[in-house]
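Here is a short briefing on one protein model. Look over the sequence and the structure first, then read the points below.

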Amino acid sequence: MWYSNIKQQQYPIIKMYSKKVVSFLFFLTFTFFNAHAQTALSYTQYMDNPTPINPAYSLTNNYGSVSFTAHKQWIGIPGSPALFLFNTDFPLSIDHTKAGIVASDNSVAIEHVAKLNGFFAKAIQLSETQKLGISISGGFRYYSTAYAPLDPKDPAIQNDQTELKPNIGISAILFSDNYYIGLSMPEFNFRNLNSAELLDNNSFRNHYFLSGGLNSVVDDDFTLKPAALVSYTKGIPLTVDISTKLSIKDTFGIGVNYRNSNDVSALFSLDTDLFHLGYSYEFGASSSNLGTLSNASHELTLTFLFGKGNRVSVNPGNR
């Protein structure tokens, strides 16, 4: 691991570099990956935009979309974890088919992982109300570490590490007008990296996602939208998210999400036929968070919609 390499060279580095800076980098990286271990693609508003974890979800509507998501933890602290997502999908001329792109940028301290995947999705009619969607995807993942900024004068840490790997993925979804159940493996690894270790431990392993959502109409003005996401990555504790959101006149949304790592998120959204705007504030709910460094996270999602008025099925999310 990069911090192991630093530890082996700690005496020359500490002579040339502040102990406080090195200690902080140890704290930042070790604390995040051990106390808050999670899958590489982890964001709060999964119920509004599940496409990055299950591209087949794009089939639940027949309009196009372009979505941006920014997730930032520990605001104001240099090197704190950050995730940026971009995804877009558009219907093709063939019935019940879509194509799209999912890109992400994940960074913490000196490590960085960028991913770019294209996907093709096709749905088949199972019954009058049910459809089954399948998606295949392919692309690459790029990993890099920047050791040199720790101490530009120390030759022991001047060799930055980089790795480019191909990626394939597959996903499936069963859906109707008021629910969906999806299973996906958006990242299948051909081999393991041997050099890089931290973000590599999360980003270069196979990830499995089980997701589901429901539209429950309360009356003409209110719709309750519960959703759940189960994420599994080998070597990382199983992550379970459970959320519910109340939609008011299909325009305003307010809700809450709970993650089994004792994290709670407040959810807010605004929906029109042209765009979806969502914000979440996530904070630790366990007693261990009291009196310690805040682990609050902020997340903002903006999705532009094209042809939403022509959709033929009700999206179980908020888009």
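At 0% relative accessibility, Arg 141 counts as buried. This is a predicted model. Arg 141 belongs to a network of salt bridges that also links Lys 115 and Glu 187.

**The salt-bridge network**

- Glu 187 and Arg 141 meet through their side chains in a salt bridge, at 3.6 Å from N to O.
- This pair links distant parts of the chain: Glu 187 sits in strand β7 (residues 179-188) and Arg 141 in strand β5 (residues 131-145), 46 residues apart.
- Glu 187 also forms a salt bridge with Lys 115, where the closest N and O atoms are 2.7 Å apart.
- Lys 115 lies in strand β4 (residues 111-125) and Glu 187 in strand β7, so this pair ties together parts that are 72 residues apart in sequence.
- Glu 187 is buried, with a relative accessible area of 6%.
- Lys 115 counts as buried too, at 9% relative accessibility.

**Another salt bridge**

- Asp 241 forms a salt bridge with Arg 259; their closest N and O atoms are 2.8 Å apart.
- Here, too, distant parts of the chain are linked: Asp 241 is in strand β11 (residues 236-248), Arg 259 is in strand β12 (residues 252-259), and 18 residues separate them.
- Both Asp 241 and Arg 259 are buried.
- The salt-bridge count comes to seven.

- Strand β1 (residues 64-73) runs antiparallel to β15, and 10 bridges join the two.
- Ala 70 stands opposite Leu 300 of β15.
- Strand β14 (residues 275-284) also pairs with β15 in the antiparallel sense, over eight bridges.
- Glu 282 stands opposite Ser 297 of β15.

**The whole protein**

- The secondary structure comes to four helices and 15 strands.
- Of the 319 residues, 49% are buried.
- Among contacts between residues at least 6 apart in sequence, 56% join residues at least 24 apart.
- The protein exposes about 14700 Å², and carbon and sulfur atoms supply 64% of that area.

Terms used. Residues are numbered from 1 along each chain as its sequence is written. This is a predicted model: local features need pLDDT of at least 70, side-chain atom pairs count only at pLDDT 80 or more; totals for chains, interfaces and linings use all residues. Side-chain values use heavy atoms; hydrogens and water are left out. Buried means under 20% relative accessible area, exposed over 50%, partly exposed in between (1.4 Å probe, protein chains only). Contact means heavy atoms within 4.5 Å. Accessible areas come from the Shrake-Rupley method with a 1.4 Å probe; for residues, only the protein chains shown count as cover. Two strands pair if DSSP finds at least two bridges between them. A salt bridge is a side-chain nitrogen of Lys or Arg within 4 Å of a carboxyl oxygen of Asp or Glu.
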